[in-house]
Amino acid sequence: MHGFAVRELKRRYDVEIHAGKIPMPKKLLISRIRDKDGLICYPYDKIDSDVINAGNKLKAISTFSVGYNHIDVNAASERGIVVSYTPEVLTRATADLSMALVLSLFRRINEGYEIIRKNEWKTIFGPYEFLGTDLYGKTLGIFGMGRIGKAVARRASGFEMKILYHSRKRLSSLEEKKLDARYVSLDELFRRSDVISIHAPYTPKTHEIVNLKLLKKMKKASFLVNTSRGKIINEKDLIVALKKKMIAGAALDVFQDEPIDISNSLTKLKNVIITPHIGSATVETRREMAEITIKNLILSLGGKRPVYQVKVESGRLGLS
Ligand code: DGY
């Protein structure tokens, strides 16, 4: 947690900060939460019903993230505990990373860097050397057209890409027109896109929704990008699709297990780009996230509405 945020919290409350192993071991978390009124957590902390119910005095949980699939929101709501999160402030940073990954895949940036590092760059400007693909005129398929999906669509239209999307809720025709985006079924999205970018939340409904059946529908020359949550993709199926060259490549910022184990094939495949869950990792964004995280907590503990409260709605709950 940023220094300014810790100082602000300490000015108001007795604060206990876990500074040991990350994530904090469950037993330890359960023992330390017993006398706490509020909890600040991160996407890697599993705040399940055992933890929530151990917090006898707990009134507020504030997560330093837009995703809240790590919190049992139902259990919290049953106890009247307010759960808050940090959407909006990380939209741009995450959309920027998604476009960076699309660009890296299309223009083979990582591969280029690798050949230079290995001293394998021999031909200068060969007409057929290191050819990538134009973004211009290609179809970007956005799975999940929430704030981040829309920000990706806006960026991609700057590159003159065509936009298809699939989402739980279809946008209004006005919004579709503004974004120049066409709503299609999930199947059609995977069949027609040159690159798919995932921006759906992780829920029981999206758990491993991207599986071999869906991957088989993709064009051989197409790519998959994921900056949302790793468990939306069946990783084993993706590895099969990549190894068998059923798709051209993937760029992933999130994984089934994080940090990813070095023995995972995704760390070795040439047609894969991986980054360590850095969607929101910019100086400006993380600072804003810290500001919102403490504001949310302070407001909730003061009996007021936090800036961003997680709404209890069926289908969006469940622990990863
Ligand atoms: C979030 O906020 O949920 C992101 O995944 C963290 O970068």
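Reply: Before starting, one cut-off is needed for speaking of what covers a residue: contact means heavy atoms within 4.5 Å. The model is a predicted one.

Me: Which residues of helix α1 are buried, and what covers them?
Reply: Buried here means under 20% relative accessible area. In helix α1, which spans residues 3–12, the residues that count as buried are Phe4, Ala5, Val6 and Leu9. Their cover includes strand β1 (38–41) and helix α12 (283–301).

Me: Are α1 and α12 roughly parallel or roughly antiparallel to each other?
Reply: The axes of the helices α1 and α12 come within 9 Å and cross at roughly 15 degrees, and the crossing is right-handed. Since angles under 35 degrees count as roughly parallel, the relation of α1 and α12 is therefore roughly parallel.

Me: How many nonpolar, polar and charged residues does the contact of α1 with α12 have?
Reply: On the α1 side the contact is made by Phe4, Ala5, Glu8, Leu9 and Arg12, and on the α12 side by Arg287, Ala290, Glu291, Ile294, Leu297 and Ile298. Sorted by class, the contact of α1 with α12 comes to four charged residues, no polar and seven nonpolar.

Me: Which strands are the edge strands of the three-stranded open sheet?
Reply: This open sheet has the order β1-β2-β3 with parallel pairing, and its neighbouring strands are turned against each other by 15 degrees on average, direction ignored. Four bridges join β1 to β2 (residues 60–63), and in this pairing Ile40 stands opposite Ser62 of β2. The strands that pair on one side only, and that form the edges, are β1 and β3 (82–84).

Me: Why is one side of β6 and of β10 left without a neighbour in the sheet?
Reply: The open sheet of seven strands has the order β6-β5-β4-β7-β8-β9-β10, with parallel pairing. From one strand to the next, the twist of this sheet averages 20 degrees. β6 (181–183) and β10 (272–274) stand at its edges, so one side of each has no neighbour, the reason being a single partner strand.

Me: Which residue of β8 stands opposite Ile196?
Reply: Strand β7 (residues 195–198) is covered on both faces, with Val195 and Ser197 buried on one side and Ile196 and Ile198 buried on the other. β7 pairs in the parallel sense over four bridges with β4 (residues 139–143), where Gly141 stands opposite Ile196. Four bridges also join β7 to β8, again running parallel, with Val195 opposite Phe223. The residue of β8 that stands opposite Ile196 is Leu224.

Me: What is the bridge partner of Asn226 in β9?
Reply: Strands β8 (residues 223–226) and β9 pair in the parallel sense over four bridges. In β9 (residues 249–252), Gly249 and Ala251 point one way while Ala250 and Leu252 point the other way, and all are buried. The bridge partner of Asn226 is Leu252.

Me: Is Val73 buried or exposed?
Reply: Val73 lies in helix α4 (residues 73–78), and its C-alpha atom is separated by 24 Å from that of Leu9, which is 64 residues apart from Val73 along the chain. The relative accessibility of Val73 is 2%. With buried meaning under 20%, Val73 therefore counts as buried.

Me: Where is the place of Pro259?
Reply: The peptide bond from Glu258 to Pro259 is cis, with omega near -5 degrees. Another cis peptide bond runs from Ile22 to Pro23, with omega near -10 degrees, and Pro23 has its place in the loop between α1 and α2 (26–33). For Pro259, the place is the loop between β9 and β10.

Notes
Residues numbered from 1 in each chain as written. Predicted model: local features only at pLDDT ≥ 70, side-chain atom pairs only at ≥ 80, totals over all residues. Heavy atoms only, no water. Buried < 20%, exposed > 50% of the residue type's maximum accessible area, 1.4 Å probe, protein only. Helix = DSSP H or I, 4+ residues; strand = E, 2+ residues; numbered from the N terminus. Axes fitted to C-alpha atoms, helices over the stretch in contact; angles between N-to-C directions. Parallel < 35°, antiparallel > 145°, perpendicular 65-115°, else oblique. Left-handed = near helix turned anticlockwise from the far one by under 90°. Nonpolar A, V, L, I, M, F, W, Y, C, P; charged D, E, K, R; others polar. Pairing = 2+ DSSP bridges.
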